[in-house]
Amino acid sequence: MDRLAIVVPCYNEEEVLKLASEALRGVLEDLVQKEKIAPDSFIMFVNDGSRDRTWELIEEEHAAYPVRVKGVKLAGNVGHQFALTAGLITAKDMSDVIISIDADLQDDVNVIEEMIDKFHAGSDIVYGVRKERKTDTFFKRTTAQAFYKLMGMMGVKTVYNHADFRLMSKRAVEEFSKYKETNLFLRGMMPLIGYQTDSVYYDRGERAAGESKYPLKKMLALAFNGISSFSVKPISLILGMGMFIIFMCVLAAIYALISYFTGHVVAGWTSLILSIWFLGGLQLLAIGMVGQYIGKVYIEVKHRPRYNIEKVLAKEKSEG
């Protein structure tokens, strides 16, 4: 039977960690009894530089359930995508199939069995996809839909309404580990792997406890990172806009010359100032956009480690 690892990135999750451990251990026990996974399947909590008692609680869970609960402590806070990557890469050498899920229990753990069934049916990647977004606010629902549509227009392949709740086979994670870029956007990287995929659908619940670790600022940063890491279309759009403005400027110059020679010269202070402001703003936008890409290249060429693992809790069996 295949050994399952459930990777759970954690940042300041002391209020929900015990609940998450209990729920996921229950899922594992049920799957083991049904003989769908190996008895030594486990949960791997990844502590992303938490400032609360998250790591202490992970140690407590590991001490109580040494085979079922393992832990990875990162040396500092590196962000959700890096923490998840650290968990995936670490777990791939200990397991045959890996499921990633957030600690807040908003994703439905009951569909994990369906994921395993689809894996046994031949899928290397199984996406957890939300059925709908009725529980979201109007703003969040609208911006999320706009984001996925924009990603599609930019040529980036993503799975609509899918975040980071997914199953990956060992060979899929091994293929993913070959992607060495620093600017990570896992939702866009997974479709690039190319193995057989499938999806399961579920209703997303409310957070079990604590507060969301993805406020609006982080969500916008993730969205921009996703677009700029997978597409150069924003630069192409700026080039096209620049060419259009040059064309309009030529028409305006022709109009100005005709007005001058026919004697219909009108003071154009307002239009002149508006034009300067508009062109100046456009230039700053273009420079800023190009600067973002240059900054990403600057970060990539350094080849710095994406994360540093300080400690791993991974006992294979109980002592004594």
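Hi everyone. Let's start with how this chain holds on to itself: of the contacts with a separation of 6 or more, 84% are between residues 24 or more positions apart. Keep in mind that this is a predicted model.

Now the overall inventory. There are 10 helices and 8 strands in the chain. It has 320 residues, and 44% of them count as buried.

Please find His62, which sits in helix 2, residues 54-64. Is His62 buried or exposed? His62 has a relative accessible area of 6%, and because anything under 20% counts as buried, His62 is buried. So what does His62 touch, if we leave out residues up to four places away in sequence? The list is Val69, Lys70, Leu313, Ala314 and Lys315. Take Leu313 from that list: Leu313 and His62 are 251 residues apart in sequence, yet their C-alpha atoms are 7.3 Å apart in space.

Next, a pair of helices. In general, two packed helices are described by the angle between their axes and the distance between the axes. Our pair is helix 1, residues 17-33, and helix 4, residues 112-120. Their axes are 10 Å apart, and the angle is about 45 degrees. That angle makes helix 1 oblique to helix 4. As for handedness, the two helices cross in a right-handed way.

Which residues meet there? Helix 1 brings Leu24, Val27, Asp30 and Leu31, while helix 4 brings Ile112, Glu113 and Ile116. Sorted by class, this contact has 5 nonpolar residues, 2 charged ones and no polar ones. If you wonder about the spacing of numbers like these, here is a handy rule: an α-helix has 3.6 residues a turn, so residues three or four places apart point the same way.

My last stop is helix 7, residues 186-193. How many of its 8 residues are buried? The count is 6, so this helix is mostly covered, going by the cut-off of under 20% relative accessible area. The buried ones are Leu186, Arg187, Gly188, Met189, Met190 and Ile193. Then look just past the end of helix 7, where Gly194 takes a positive phi of about 90 degrees.

Key:
Residues are numbered from 1 along each chain as its sequence is written. This is a predicted model: local features need pLDDT of at least 70, side-chain atom pairs count only at pLDDT 80 or more; totals for chains, interfaces and linings use all residues. Side-chain values use heavy atoms; hydrogens and water are left out. Helices (H or I, at least four residues) and strands (E, at least two) are DSSP runs, numbered from the N terminus. Buried means under 20% relative accessible area, exposed over 50%, partly exposed in between (1.4 Å probe, protein chains only). Contact means heavy atoms within 4.5 Å. Axes are lines fitted to C-alpha atoms, for helices over the stretch in contact, and angles run from 0 to 180 degrees between N-to-C directions. Angles under 35 degrees count as roughly parallel, over 145 as roughly antiparallel, 65 to 115 as roughly perpendicular and the rest as oblique. A crossing is left-handed if the near helix is turned anticlockwise from the far one by less than a right angle, and right-handed if clockwise. Ala, Val, Leu, Ile, Met, Phe, Trp, Tyr, Cys and Pro count as nonpolar, Asp, Glu, Lys and Arg as charged, and the others, Gly among them, as polar.
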